[in-house]
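Work through the following exercises with the sequence and the 3D structure at hand. Each task is followed by a solution in steps.

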Amino acid sequence: MTNIEFQRGAIDASGCVSGGWDLIKSNYWMYFGITALFVVASIVLSCIPFIPILFQIFVMPPITIGIFSVLFRAKRNEPVDFGLFFKGFDKFVPAMVIGVIHSIPSIIFLILNFALNIGSFAVEILQGMNK
């Protein structure tokens, strides 16, 4: 077995945080608005049954692409605005494919959870009939 050598300082965590802050501080409120819109939409849609999984598949990937698009443009010192946040919807189909792949574990969990709930409900009914 080979020994893996640990190298201190391979990743500068404080440098990453300060670099991220330097990237967004000039348009802080725009980034805050993008994040707030995303969080509010997530919270509102999570209250509706079966919508969170659809949100995760169809809406979250294009929004994530839009957020990264804005950040990459800012990193290249190109002009950014709030409208670029929705640029990810131009690549909706590839984003949806990624959303489906990303959601497979959640879908499996939902199916198993549903099956277990039905099973426990059936057991309760059978136990009630035996009394």
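**Exercise 1. Describe how α3 and α4 pack, and classify their orientation.**

Step 1. Helix α3 packs against helix α4 (residues 92-130) at an angle of about 140 degrees, and their axes are 8 Å apart. Helices here are DSSP runs (H or I, at least four residues), numbered from the N terminus. Axes are lines fitted to C-alpha atoms, for helices over the stretch in contact, and angles run from 0 to 180 degrees between N-to-C directions.

Step 2. Angles under 35 degrees count as roughly parallel, over 145 as roughly antiparallel, 65 to 115 as roughly perpendicular and the rest as oblique. α3 and α4 are therefore oblique to each other.

Step 3. The crossing of α3 and α4 is right-handed, meaning that the near helix is turned clockwise from the far one by less than a right angle.

Step 4. On the α3 side the contact (heavy atoms within 4.5 Å) is made by I53, Q56, I57, F58, P61, P62 and I65. On the α4 side the residues are F92, A95, M96, G99, V100, H102, S103, S106, I107 and L110.

A note on the source: this is a predicted model, in which local features need pLDDT of at least 70 and side-chain atom pairs count only at pLDDT 80 or more, while totals for chains, interfaces and linings use all residues. Residues are numbered from 1 along each chain as its sequence is written, and side-chain values use heavy atoms, with hydrogens and water left out.

**Exercise 2. Is P62 buried or exposed, and which residues does P62 touch?**

Step 1. P62 is part of helix α3. Its relative accessibility is 0%, so P62 counts as buried. The cut-offs are under 20% relative accessible area for buried, over 50% for exposed, and in between for partly exposed (1.4 Å probe, protein chains only).

Step 2. Leaving aside residues up to four places away in sequence, P62 touches G88, F89, F92 and A95.

Step 3. P62 and K91 are 29 residues apart along the chain, and their C-alpha atoms are separated by 7.1 Å.

**Exercise 3. How are α2 and α3 oriented to each other?**

Step 1. Their axes come within 11 Å and cross at roughly 175 degrees. That makes α2 roughly antiparallel to α3.

Step 2. Among the residues making the contact are M30, Y31, I34 and F38 of α2 and I51, P52 and F55 of α3.

**Exercise 4. Classify C47, I48 and N77 by accessibility.**

Step 1. C47 is found in the loop between α2 and α3; at 62% relative accessibility, C47 counts as exposed.

Step 2. I48 lies in the loop between α2 and α3; at 39%, I48 counts as partly exposed.

Step 3. N77 is in the loop between α3 and α4, and at 73% N77 counts as exposed. N77 has a positive phi of about 60 degrees although it is not a glycine.

Definitions and conventions. Helices (H or I, at least four residues) and strands (E, at least two) are DSSP runs, numbered from the N terminus.
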